[in-house]
Amino acid sequence: MSVGPLVDIGLALLILSLAVWIIATRATYRAAEGFVAYGLLAALVWVRLGSVDVALTEAALGSGLTGLLLLRAAARLPADDPAETSRPSPGLRLLVGVLSALVAAGLAAVVLLLPEPAPSLAPAAMASLPETGLGNPVTGVLLAYRAVDTLGESVVLVLALAGLWSLAADGAWGGRPASLRSAPAGNALRFLAQVLPPFGILVAIHIFWIGADYPGGKFQAATILAAMWVLVLVAGLRQPPPVTSRRMRWLVVFGSLAFLAIGLAGIGLADAFLAYPDGWAKPLILVIEATLTLSIAVILGLLLAGPPADDRSEPGS
Amino acid sequence: MSLALDVFTVVAVSLGALFFLAGTLGLLRFPDTLTRLHALTKADNLGLGLVVLGLLPQVSSPLGWIGLIAVWFLALLAGATVGQLMAGAVRPAPLPEGTADRRGGERPS
């Protein structure tokens with residue numbers, strides 16, 4: 001007998017009970033910790049479903065980066081945070097519960113009423129894949145068929161960074177991002193920050209490169225690069241650049257600009273915005289992925305580094 | 001020969017799983033942070049090491065071996081560092097000579 005179904009049932013039970021625990025727990029910090037574990041379990045679920053691309057992204061971005069942002073937010077909330085001490089009225093809770101149950105029932109109905117076989121664009125996606133020179137259909141969807149979505153995502157990240165920076169106090173503008181500044185790092189952390197980055201950069205380049213034919217790609221590679229940078233920042237080996245640094249700002253928008261320029265060139269050289277001329281798809285996609293990897297890595301690192309703070313004020317938590 | 005290698009794999013991976021089980025038990029049952037860290041790092045170091053050792057004969061390419069060993073090495077590195085960080089967080093560094101200890105003396109409970 002195969003152990004596959006047993007593993008699946010165990011995973012499903014585990015992830016459901018963890019989700020209930022995250023909602024039920026009263027402490028914000030613990031809920032954020034639970035969210036990190038939840039993301040890793042979700043990544044395992046994606047592996048079981050055969051979506052390794054999504055699993056990598058979920059583990060790196062969904063669990064790792066988002067988890068870190070949530071943990072930081074939870075640590076900054078005051079101890080007498082109203083969300084932890086007060087409860088909404090019973091009527092509101094009932095309403096929220098009923099609405100949530102309705103959404104869950106709707107989703108369940110949609111999944112259960114799917115026609116057999118379920119409608120799929122996968123054969124069409126695979127049929128046109130050779131024209132792009134790619135071997136990984138996910139990369140094909142992200143950078144050829146639905147490139148406009150990916151362009152939008154890269155711009156959203158730039159906007160998110162602008163939104164984060166807008167939280168800075170007026171007096172702090174022009175300073176360095178301060179959220180990663182903390183107590184002086186111990187020897188162990190400094191050692192790790194010196195030893196790990198070469199490995200991390202190698203793994204990131206590998207993930208970026210194989211993204212053309214196997215699960216991987218720019219977002220996963222950029223997250224690893226950002227993690228290495230943040231590790232160096234946390235260990236205090238380097239300072240984040242001031243938010244007014246021109247070079248850093250060019251790096252932030254570089255990927256989106258290159259993507260946009262190639263997309264606009266497509267109007268003249270091919271027949272539409274974001275269309276690639278015949279035979280040029282693979283090299284152009286490579287250029288877009290490389291520039292986006294760099295830009296996304298810088299943006300993710302800066303998102304974790306937080307808004308700028310006055311150098312004279314107390315270091316952030 | 002391949003049967004012997006398969007037996008070796010099963011034995012080593014099972015032993016590794018046993019270490020993970022023991023480490024998890026220790027994490028849940030040990031009384032304070034430092035002993036829990038001890039249990040956790042044992043599971044990472046020995047458990048993962050045995051699993052990797054057991055999987056090596058099943059991989060034919062040298063690149064696969066390097067990958068597996070790199071996973072173990074990186075987990076060792078990360079585990080050791082995180083262990084140090086957490087232990088440092090619960091046990092403040094000793095004060096310089098000649099200064100009175102005016103900290104609250106918060107022992108891990």
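Is H10(A) largely enclosed by the rest of the structure or largely in the open, and how many of its 17 residues are buried? The legends below start there. This is a predicted model, in which local features need pLDDT of at least 70, side-chain atom pairs count only at pLDDT 80 or more, and totals for chains, interfaces and linings use all residues. Residues are numbered from 1 along each chain as its sequence is written, while chains are lettered from A and ligands numbered from 1 in the order in which they are written.

**View 1. Helix H10 of chain A and what follows it.** Of the 17 residues of H10(A), 16 are buried, so this helix is largely enclosed by the rest of the structure. (Buried means 20 or more other C-beta atoms within 10 Å of a residue's own, exposed means 12 or fewer, and partly exposed is in between, with C-beta atoms placed from the backbone.) Helices here are DSSP runs of H or I with at least four residues, strands are E runs of at least two, and both are numbered from the N terminus. The end C-alpha atoms of H10(A) sit 24 Å apart, which agrees with the 24 Å its 17 residues should span at 1.5 Å a residue; the expected span is 1.5 Å times one less than the number of residues. After H10(A) comes Gly236(A), with a positive phi near 80°.

**View 2. The largest nonpolar core.** A nonpolar core is a set of buried Ala, Val, Leu, Ile, Met, Phe, Trp, Tyr and Cys residues joined through C-beta atoms within 7 Å. This one has 50 residues, and Leu225(A), Ala297(A) and Ile299(A) have the most contacts inside it. Helices H7, H8, H9, H10, H11 and H12 of chain A each give two or more residues to this core, and H12(A) gives the most, with 14. Leaving out residues up to four places away in sequence, Ala297(A) touches Ala222(A), Leu225(A), Ala226(A) and Trp229(A); contact means C-beta atoms, placed from the backbone, within 7 Å. Apart from this core lies another, of six residues, including Tyr38(A) and Leu56(A).

**View 3. Helix H1 of chain A, out in the open.** Zero of the 21 residues of H1(A) are buried, so the helix lies largely in the open. H1(A) covers residues 4-24 and reaches 30 Å from its first C-alpha to its last, close to the 30 Å expected.

**View 4. Gly279(A), in the loop between H11 and H12 of chain A.** Gly279(A) counts as exposed because it has 9 C-beta neighbours inside 10 Å. Its C-alpha is 50 Å from that of Ala31(A), 248 residues apart along the chain.

**View 5. Val82(B), in helix H3 of chain B.** With 17 C-beta neighbours inside 10 Å, Val82(B) counts as partly exposed. Leu37(B) is 45 residues apart from Val82(B) in sequence, yet their C-alpha atoms are 9.3 Å apart in space. Chain B has three helices and zero strands, and 11% of its 109 residues count as buried.

View 6. Chain B averages a pLDDT of 82, pLDDT being the predictor's confidence in each residue, from 0 to 100. Over residues 100-109 of chain B, pLDDT stays under 50. Where pLDDT is low, the predicted coordinates should not be read in detail.

Definitions and conventions:
Two residues are in contact if their C-beta atoms, placed from the backbone, lie within 7 Å.
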